[in-house]
Amino acid sequence: MLYDCRVEDIDLMLYDCRVEDIDLMLYNCRVEDIDLMLYNCRVEDIDLMLNDCRVDDIDQMLYDCRVDDIDLMLYDCRVDDIDLMPYNCHVDDIDLMLYNGHVDDIDLMLYNGHVDDIDLMLYNGHVDDIDLMLYNGHVDDIDLMLYNGHVDDIDLMLYACRVEDVDRMLYNCRVDDEMM
């Protein structure tokens with residue numbers, strides 16, 4: 001847990017590990033880069049919670065991993081770029097929740113993996129660009145929920161991918177450009 005800090009880089013790299021929980025909680029911090037890279041790992045929970053932070057880049061790159069839950073929760077944050085990229089992974093649940101913040105760019109890219117559930121929830125925030133790209137994977141359920149926010153651009157791109165269910169819920173939300 002970090003409070004009122006100025007940190008340039010947070011790097012977590014795991015190879016061939018068995019980890020139950022990865023928790024990173026930041027309050028009122030200024031961080032340039034948060035990089036989480038996992039290779040061939042078994043992880044139960046990845047929780048990244050940021051409150052009132054200014055972060056340039058958040059990168060989560062997972063290769064050949066088995067992960068139960070990925071939670072990325074941003075409260076009143078200013079974030080330039082979020083990249084979540086699982087390669088050849090099995091992830092049960094991915095939750096990306098933004099509350100009252102501003103994010104320039106969100107990229108969620110799935111390559112050759114299986115994800116049971118993807119929830120992208122935006123509450124009262126502003127996101128310039130959301131790209132959800134699925135390549136050769138299998139996703140059981142995608143929920144995109146936008147409440148009272150403003151999104152400039154949403155792109156959902158599926159390549160040779162099987163998706164069981166896509167739910168798009170927009171509540172009093174302005175979306176300028178959408179490709180679903």
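Me: In what order do the 8 strands of the open sheet stand?
Reply: This is a predicted model, in which local features need pLDDT of at least 70 and side-chain atom pairs count only at pLDDT 80 or more, while totals for chains, interfaces and linings use all residues. Residues are numbered from 1 along each chain as its sequence is written, and side-chain values use heavy atoms, with hydrogens and water left out. Strands are DSSP runs of E of at least two residues, numbered from the N terminus, and two of them pair if DSSP finds at least two bridges between them. The pairing in this open sheet is parallel, and the order is 1-3-5-7-9-11-13-15.

Me: Which strands form the edges of that sheet?
Reply: An edge strand here pairs on one side only.

Me: How many bridges join strand 11 to strand 13?
Reply: Strand 11 covers residues 114–123 and strand 13 covers residues 138–147. V115 has V139 of strand 13 as its bridge partner. The two strands pair in the parallel sense, and the number of bridges is 9.

Me: How many helices and strands does the chain have?
Reply: Helices are counted as DSSP runs of H or I with at least four residues. The secondary structure comes to 0 helices and 16 strands.

Me: What is the radius of gyration of the chain?
Reply: This radius is taken over C-alpha atoms, and the globule rule is 2.2 Å times the number of residues to the power 0.38. For 180 residues the rule gives 16 Å, and the chain comes close to that, so it is as compact as a globular protein of that length. Along its principal axes the C-alpha trace spans about 35 × 35 × 20 Å. The radius of gyration is 16 Å.

Me: What share of the contacts with a separation of 6 or more joins residues 24 or more positions apart?
Reply: A contact means heavy atoms within 4.5 Å. Of the contacts in the chain with a separation of 6 or more, the share from residues 24 or more positions apart is 68%.

Me: How many residues of strand 4 are buried?
Reply: Buried means under 20% relative accessible area, exposed over 50%, and partly exposed in between, with a 1.4 Å probe and protein chains only. In the chain, buried residues make up 53% of the 180 residues. Strand 4 (residues 30–39) is mostly covered, and of its 10 residues the buried ones number 7.

Me: Which strands are joined to strand 4 by 9 bridges?
Reply: Strand 2 (residues 6–15) runs parallel to strand 4 and is joined to it by 9 bridges. A parallel pairing of 9 bridges also links strand 4 to strand 6 (residues 54–63), where I34 stands opposite I58.

Me: Which residue is the bridge partner of Y15 in strand 4?
Reply: Y15 lies in strand 2 and is partly exposed, with a relative accessible area of 48%. Leaving aside neighbours within four places in sequence, Y15 is in contact with Y39 and C41. Y15 and Y39 are 24 residues apart in sequence and 4.8 Å apart in space, C-alpha to C-alpha. The bridge partner of Y15 is Y39.

Me: In which loop does D64 lie?
Reply: Most residues other than glycine have a negative phi. D64, which is not a glycine, has a positive phi of about 55 degrees. D64 is partly exposed, with a relative accessible area of 42%. Its loop is the one between strand 6 and strand 7 (66–75).
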